[in-house]
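Subject: Handover of a structure and findings

Dear colleague,

Please find the structure below, followed by an account of what was found in it.

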Amino acid sequence: MTLLERTRIVQNTPEPDSLAAARSIMDALVAVLTEHAERYYQDDAPLISDAEYDVLVRRLQALENAHPEFLRPDSPTHRVGSAPLDSFEKVQHAEAMLSLGNAFDADELRAWHDRCRRRLEWDAEAEGPAVSTELKIDGLAVALTYENGVLVRAATRGDGRVGENITANIRTIRSVPLRLDSSRHPVPDRVEVRGEVYFPKSAFEALNDRLRAQELKPFANPRNAAAGSLRQLDSTITAGRDLAFFAYSLGPVSEPVAAGQRAMLDVLDGWGFSINPEVARFEGIEEAVTFCSNWTGKRDALDYEIDGVVVKIDDFRLQRQLGNVSNAPRWAVAFKFPARESTTRLLGILVNVGRTGMITPEAELEPVQIGGVTVSQATLHNADYIRDRDIRIGDTVVVKRAGDVIPAVVASVPEARTGSEVAWEMPGTCPACQQPLERIEGEVDSFCVNGACPAQFIRLVEHFASRDAMDIEGFGTKLAAQLVEAGRIADLPDIYGLTPDDLLELDGFARKKAEKLVAGIDASRSRPLARLLFGLGIRHVGRTTAEVLVQQFDSMAALGKADADALTAVDGIGEVIARSLVDWFALETNRKIVARLADLGVNVARLPEEAPAAGDDLPFAGKTFVVTGTLPTLGRTEAQDYIKQRGGKAASSVSARTDYLVMGENPGSKADKAAELGIPVLDEAGLLELGGRS
DNA sequence: GATCCTCGAGTTCG
DNA sequence: CTCGAGGATC
């Protein structure tokens with residue numbers, strides 16, 4: 001049986017109902033965990049996620065607490081990993097590098113603080129003891145030894161007692177000082193500084209782009225990339241990777257350099273280390289709980305991965321009083337965020353048909369909890385994406401919730417293969433209409449080119465009704481599918497022939513809802529021309545291009561008469577888009593659709609407010625703006641409309657040609673980019689002032 | 001012909 | 001948000 005199969009069995013074993021059962025589960029857990037730890041620490045190729053590993057360890061710990069008589073000397077709860085590789089020189093840590101106990105929610109954090117209070121015989125009425133809070137960087141712990149202020153040795157954590165000598169590699173990291181600065185705080189003759197080596201997200205993306213360009217396998221995540229980079233025997237390779245380092249603690253010292261954790265960080269800062277800026281010290285545990293929950297939602301805003309918050313009793317004197325349990329200090333705890341990355345099995349790959357006929361593969365996953373939600377589907381983008389990552393059906397795959405929400409299959413875990421996995425191939429025919437698919441030489445996507453494909457038509461109807469197009473409230477995916485499948489809608493104009501009675505025949509419609517929807521359809525007749533043009537779903541004509549076209553052509557009729565030359569004359573329209581438009585209007589069916597829409601009272605001419613902005617009294621003329629984050633009163637689209645009304649351009653990404661960045665709360669990467677390029681930043685008030693308040 | 005900027009298209013779960 | 005590709009620009 002493979003390790004993964006045994007793991008699944010252990011995971012699914014119910015709580016023991018006898019001593020014998022408890023013992024056999026404990027033995028199985030020890031065996032499975034030991035093997036996983038080896039894979040993790042030695043081969044750097046985990047089969048299961050850290051979260052899954054943690055769950056198993058906690059289960060073993062609980063059983064050991066309940067049945068201490070079965071506690072085995074070789075239980076992985078005694079150790080944090082296994083012996084380091086042979087290829088690097090082994091290094092004994094002067095004082096073991098401990099791991100931390102975990103807290104998975106606010107109550108566990110409070111329980112930890114309570115235990116500290118009891119052990120310290122803290123006055124029940126008093127607040128405290130004070131705690132420090134630091135972000136838990138998802139990187140690799142290392143210990144740096146300085147003698148007479150000079151870096152002489154750097155070691156990985158290894159199993160906590162023995163690590164690997166990686167001095168040459170650490171020296172390549174710019175945020176690690178090679179000589180300490182003693183001008184502000186005296187430096188002991190010999191000092192060990194501990195911290196985390198990590199891969200900034202931006203540098204990680206750049207590295208993966210480079211690896212892909214060389215047709216090498218990209219790293220699954222920044223932590224793996226950091227591990228892989230530190231493990232290079234050739235330190236010149238490490239030097240080419242933009243690793244960084246945050247210092248967070250001291251090893252054994254002869255004389256104390258500060259009274260507590262928070263103050264000690266300032267000393268480290270004075271010595272020349274980079275200290276994570278998001279540190280705090282609180283008098284009570286409740287503020288620390290708030291700190292943790294705040295960061296749970298904000299962690300994506302950082303340029304490095306964090307997987308939790310480390311909470312420590314701040315005062316070193318109290319820390320000593322609390323002491324350690326086997327391999328973890330009592331005075332510190334790791335508050336763990338819900339995992340955002342996990343491994344699961346890829347059950348199959350389905351394909352979707354988009355509105356344009358584009359075929360996108362979609363992963364069908366064994367449901368897995370990631371970041372508090374259950375993920376069972378994820379996009380796989382296209383056939384090349386699957387091939388480049390060597391993803392096969394049946395594989396164990398790493399699934400991540402990128403950005404804020406959207407799950408993606410990041411990598412496969414080939415080590416977990418049993419041999420029964422099968423490579424996937426793009427089907428030759430459309431899953432909806434069975435017509436052959438086409439893939440243009442040199443392009444990535446496959447298309448169903450059947451103009452009458454029902455799947456495409458459903459997506460087109462949905463798009464037509466969507467918020468950025470005709471904005472028909474209550475008209476979504478489900479209704480589009482129902483109406484098309486019931487044969488009630490065979491082309492777009494049919495939407496305007498719907499009556500409340502038609503809708504009553506469908507599932508989930510009562511009189512009132514049906515009437516409301518028909519009223520919504522009716523209201524959409526007077527939408528601006530650009531929205532209609534966008535809604536028609538002409539390839540390459542998105543929202544922006546539709547708006548640009550409407551500036552030059554004042555009706556559907558004018559557009560239909562335009563030839564390729566007239567179209568390419570418009571700024572932003574090239575041959576491909578022109579061709580797409582000419583081809584669309586060349587089809588008799590499409591011309592009929594426009595004519596019928598007009599007959600049904602749908603607006604097919606430019607509205608006065610869409611007319612090209614005239615005059616040079618426009619405050620934003622010639623200026624390009626980018627909006628990011630949440631503004632206090634304006635919505636994002638409102639802000640963009642405001643800019644356009646005043647002759648400005650509302651672009652979607654920051655570049656050298658951007659004149660202003662309008663920034664609200666929780667800005668994304670755009671803010672960093674703007675800062676890099678030195679682009680002036682406005683807040684909402686600044687924008688309104690510049691534009692004239694009217 | 002290469003490079004940079006923008007736009008289009010598709011995307012998950014509750 | 002991410003990826004790929006169209007368009008403009010040098």
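Which element gives the largest share of the surface near DNA strand B? It is β16, with 6 residues; here a residue is near a strand if one of its heavy atoms lies within 4 Å of it.

This is a predicted model, in which local features need pLDDT of at least 70 and side-chain atom pairs count only at pLDDT 80 or more, while totals for chains, interfaces and linings use all residues. Residues are numbered from 1 along each chain as its sequence is written, chains are lettered from A and ligands numbered from 1 in the order in which they are written, and side-chain values use heavy atoms, with hydrogens and water left out.

**DNA strand B**

DNA strand B is surrounded by 27 residues, the closest being Thr360, Ser376, Ile406, Gly542 and Thr545. By class, this surface has 15 polar, 6 nonpolar and 6 charged residues (Ala, Val, Leu, Ile, Met, Phe, Trp, Tyr, Cys and Pro count as nonpolar, Asp, Glu, Lys and Arg as charged, and the others, Gly among them, as polar). Sugar or phosphate accounts for 93% of the atoms of DNA strand B within 4 Å of the protein, and bases for the rest.

Phosphate oxygens of DNA strand B lie 2.9 Å from a polar backbone atom of serine 376, 3.2 Å from a polar side-chain atom of asparagine 352 and 3.3 Å from a backbone N or O atom of threonine 544. The elements that give two or more residues to this surface are β15 (358–370), β16 (373–379) and α18 (543–552); helices (H or I, at least four residues) and strands (E, at least two) are DSSP runs, numbered from the N terminus.

**Aromatic rings**

The count comes to 12 aromatic pairs, where rings of Phe, Tyr and Trp (its six-membered ring) pair if their centres lie within 6.5 Å, and planes under 30 degrees apart count as stacked, over 60 as edge-to-face and the rest as tilted. With ring centres 6.3 Å apart and planes at 55 degrees, phenylalanine 245 and phenylalanine 273 form a tilted pair. This pair links distant parts of the chain, 28 residues apart: phenylalanine 245 is in strand β8 (residues 244–250), and phenylalanine 273 is in the loop between α9 (261–271) and β9 (280–282). Both residues are buried (under 20% relative accessible area, 1.4 Å probe, protein chains only). Together with Tyr146, Phe245 and Phe273 form one aromatic cluster.

Conventions
Polar contact = N/O pair within 3.5 Å; in protein donor to acceptor, adjacent residues only side chain to side chain. Buried < 20%, exposed > 50% of the residue type's maximum accessible area, 1.4 Å probe, protein only.
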